[in-house]
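Welcome, and please take a moment to look over the sequence and the model.

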Amino acid sequence: MSTDCQPPAASTTAAIEVSPPFNKRRLDRIDEPARPLGAKRAALQLRRQSAPLAAEAKAQRRGTGERTLASRDATVAFALRATAFGLLIERTQRQAVGTRLVQTMVFEDQPTFDRWCDSEPMRFEDPMLYDRLRREGHEALGGQR
């Protein structure tokens with residue numbers, strides 16, 4: 001038995017030649033880096049990002065009985081307004097680009113408003129905004145608790 005680990009002197013391995021179509025992978029368009037945005041598209045995206053903040057500032061300046069509360073990143077905003085029918089709340093949920101979901105609700109009394117607040121997901125996502133929403137809603141409904 002031999003303990004020699006050297007390969008035999010005459011190696012039978014030959015270089016493998018690959019034909020031209022298989023030696024290089026063809027790049028698909030999806031693999032290419034993204035093209036830069038055009039000037040119009042970049043301006044539109046910038047306007048969409050700054051629109052929630054501008055709308056909130058305009059509502060504050062209006063001086064009507066409407067109060068607007070928004071999350072830090074302005075993805076969710078609540079507009080509260082006292083009406084003859086009760087408290088009107090408009091909940092606006094925005095995505096970075098694209099769709100916007102707007103829900104409008106009217107609460108006649110405080111227990112109904114409290115039940116809605118207990119099921120609002122912002123309670124967990126942004127507790128500070130949730131607390132401001134409850135306080136402002138109670139104040140708009142007349143302050144009884």
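**Around Arg-67**

Arg-67 is partly exposed, because its relative accessibility is 27% (buried means under 20% relative accessible area, exposed over 50%, partly exposed in between, with a 1.4 Å probe and protein chains only). This is a predicted model, in which local features need pLDDT of at least 70 and side-chain atom pairs count only at pLDDT 80 or more, while totals for chains, interfaces and linings use all residues. Residues are numbered from 1 along each chain as its sequence is written, and side-chain values use heavy atoms, with hydrogens and water left out.

**Partners of Arg-67**

- Arg-67 forms a salt bridge with Glu-136, and their closest N and O atoms are 3.1 Å apart (a salt bridge is a side-chain nitrogen of Lys or Arg within 4 Å of a carboxyl oxygen of Asp or Glu).
- Glu-136 lies in helix H5 (residues 127-140) and Arg-67 in strand E1, so this pair ties together parts that are 69 residues apart in sequence. Helices (H or I, at least four residues) and strands (E, at least two) are DSSP runs, numbered from the N terminus.
- Glu-136 is partly exposed, with a relative accessible area of 21%.
- A network of salt bridges links Arg-67, Glu-136 and Glu-139.

**The sheet**

- Four strands form an open sheet in the order E1-E2-E3-E4, with antiparallel pairing (two strands pair if DSSP finds at least two bridges between them).
- E1 and strand E4 (100-107) are the edge strands, each pairing on one side only.
- On average, neighbouring strands of this sheet are turned by 15° against each other, direction ignored. Axes are lines fitted to C-alpha atoms, for helices over the stretch in contact, and angles run from 0 to 180 degrees between N-to-C directions.
- E1 and E2 pair in the antiparallel sense over four bridges, and Arg-67 stands opposite Leu-80 in E2.

**Helices on the sheet**

- H3 packs on the sheet and touches E2, strand E3 (87-94) and E4, with its direction at about 150° to that of E4 (contact means heavy atoms within 4.5 Å).
- H5 lies across E1, E2 and E3, and runs at about 165° to E1.

**Other salt bridges**

- The count comes to six salt bridges.
- Glu-66 and Arg-81 meet through their side chains in one of them, at 3.0 Å from N to O.
- Glu-66 is buried at 15% relative accessible area, whereas Arg-81 is partly exposed at 32% relative accessibility.
- Arg-134 and Asp-114 form a salt bridge with their closest N and O atoms 3.3 Å apart.
- Arg-134 lies in H5 and Asp-114 in helix H3 (residues 110-119), so the pair ties together parts that are 20 residues apart in sequence.
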